[in-house]
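Hi,

Here is the structure I promised to pass on. Have a look at it first, and then read my notes below.

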Amino acid sequence: MLNFDLPGLTALFARMGEKPFRARQVMRWIHPGGVADFTDMTDLAKSLRHKLLDHAEIKVPDLLFEQKSVDGTCKWLLDVGTGNGVETVFIPENTRGTLCISSQIGCALECLFCSTGRQGFNRNLTTAEIIGQLWWANKALGVTPKDERVISNVVMMGMGEPLANFDNVVIALSIMLDDHGYGLSRRRVTVSTSGMVPQMDRLKEVMPVALAISLHASNDRVRDKLIPLNKKYPLCQLMAACQRYLAKAPRDFITFEYIMLKDVNDSAQHARELIELVKDVPCKFNLIPFNPFPNSGFERSTSERIRIFREILQEVGFVVTVRKTRGDDIDAACGQLAGKVKDKTQRQQKWQLVQG
């Protein structure tokens, strides 16, 4: 059942000979209601409940491990079968609560600065496994339909490249936005991508939510090394895709995420190149101090370097934030999610050989 958005659930009920409003009832029980047992859906006829018990299931994720940071950040490792686990992170703040959701077991893109990428890749998550993370977080946080919303924002910034799992992610987004699901605003649901240009254009047409780009470099030479996908979709193509996306985006800007790597992409010259690169794209910048992990090969930029970089961007009018590091004591900060990945790419072994 978690694999279906409302249109899919309505079609399923039609095949069962049931009326469309039944799909809405069941969706409300599952998602805002947090119910995983058809027998608890008390406004359904007993005959329908029995039919559902015979022909359907609500398979919710099992918890493998939970960690809580001193700053209130929570990280859950959820079982997705065959020895694999994905990590989901909840970040509480004064004015909002943000849930960071994974879309794949591992990641195939091999970005050099990302711990997830070092773990290799196993498979895409199903829609049920994606939306199940939100279902689980609501349950773990004690949310009920009568409570004020605890999770106000969702970011697809966990393990994996969301747009490489396009169809399953889009259905999960549909459930997040549906008033019978989680009722989130398009402005409060963000998909982050490393720059899969054709899929950005598809997302614009079918599910235009807020968009964040993992940019991390001001020129193709540096970005080719950090993000191999850039060789396929270089910066000129990525910037053009950003401009196209804004035609239907719920916000009038793109967020560019930029990890600050010491002596790699953090000079004043890099900042000036960045200004020239994005001059035609309404945007804001989120500078992210690098979060170290074992054998990463990178260091975090100094606070002074980050300050100068930020001020250069701000001087020409850009909105720039420096992300506060949250959950780094439990490896829940940006770029640190690793989960449990039964790697099909043998990338873990390759990295071990390189380090050895």
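**The annotated site**

The UniProt annotation "active site", from an unreviewed entry, covers Glu87 and Cys334. Please keep in mind that the model is predicted. Glu87 sits in strand β3, which spans residues 85-92. Its relative accessibility is 9%, so Glu87 counts as buried. The side chain of Glu87 also makes a polar contact with the Lys75 side chain, at 3.4 Å.

**Helix α11**

Where do its buried residues Ile306, Phe309, Ile312 and Leu313 lie around the helix? Seen down the axis of α11, the buried residues fall within an arc of 130°, so they line one face.

Just after the helix, Gly317 takes a positive phi of about 105°.

**Salt bridges**

The structure holds 15 salt bridges, and two of those I looked at involve α11.

- Asp266 pairs with Arg305, with the closest N and O atoms 2.7 Å apart. This pair links distant parts of the chain: Asp266 is in the loop between β10 and α10, while Arg305 is in helix α11, 39 residues apart. Asp266 counts as buried because its relative accessibility is 2%, whereas Arg305 is partly exposed at 33%.
- Glu311 and Arg307 meet through their side chains at 2.9 Å, N to O. They are four residues apart in α11, so about one helical turn separates them. Glu311 is partly exposed at 30% relative accessibility, and Arg307 is partly exposed with a relative accessible area of 30%. Elsewhere, salt bridges that share partners join Lys204, Glu205 and Lys248 into one network.
- Glu205 counts as partly exposed at 44% relative accessibility, but Lys204 counts as buried at 13%.

Happy to talk any of this through.

Best wishes

How values were computed
Residues are numbered from 1 along each chain as its sequence is written. This is a predicted model: local features need pLDDT of at least 70, side-chain atom pairs count only at pLDDT 80 or more; totals for chains, interfaces and linings use all residues. Side-chain values use heavy atoms; hydrogens and water are left out. UniProt positions are given in the numbering used here, feature names are shortened, and annotations may be inferred rather than shown by experiment. Helices (H or I, at least four residues) and strands (E, at least two) are DSSP runs, numbered from the N terminus. Buried means under 20% relative accessible area, exposed over 50%, partly exposed in between (1.4 Å probe, protein chains only). A polar contact is a pair of N or O atoms within 3.5 Å; within protein, one must be able to donate a hydrogen and the other to accept it, and residues adjacent in sequence count only if both atoms are side-chain atoms. The arc is that of the directions from the helix axis to the C-beta atoms. A salt bridge is a side-chain nitrogen of Lys or Arg within 4 Å of a carboxyl oxygen of Asp or Glu.
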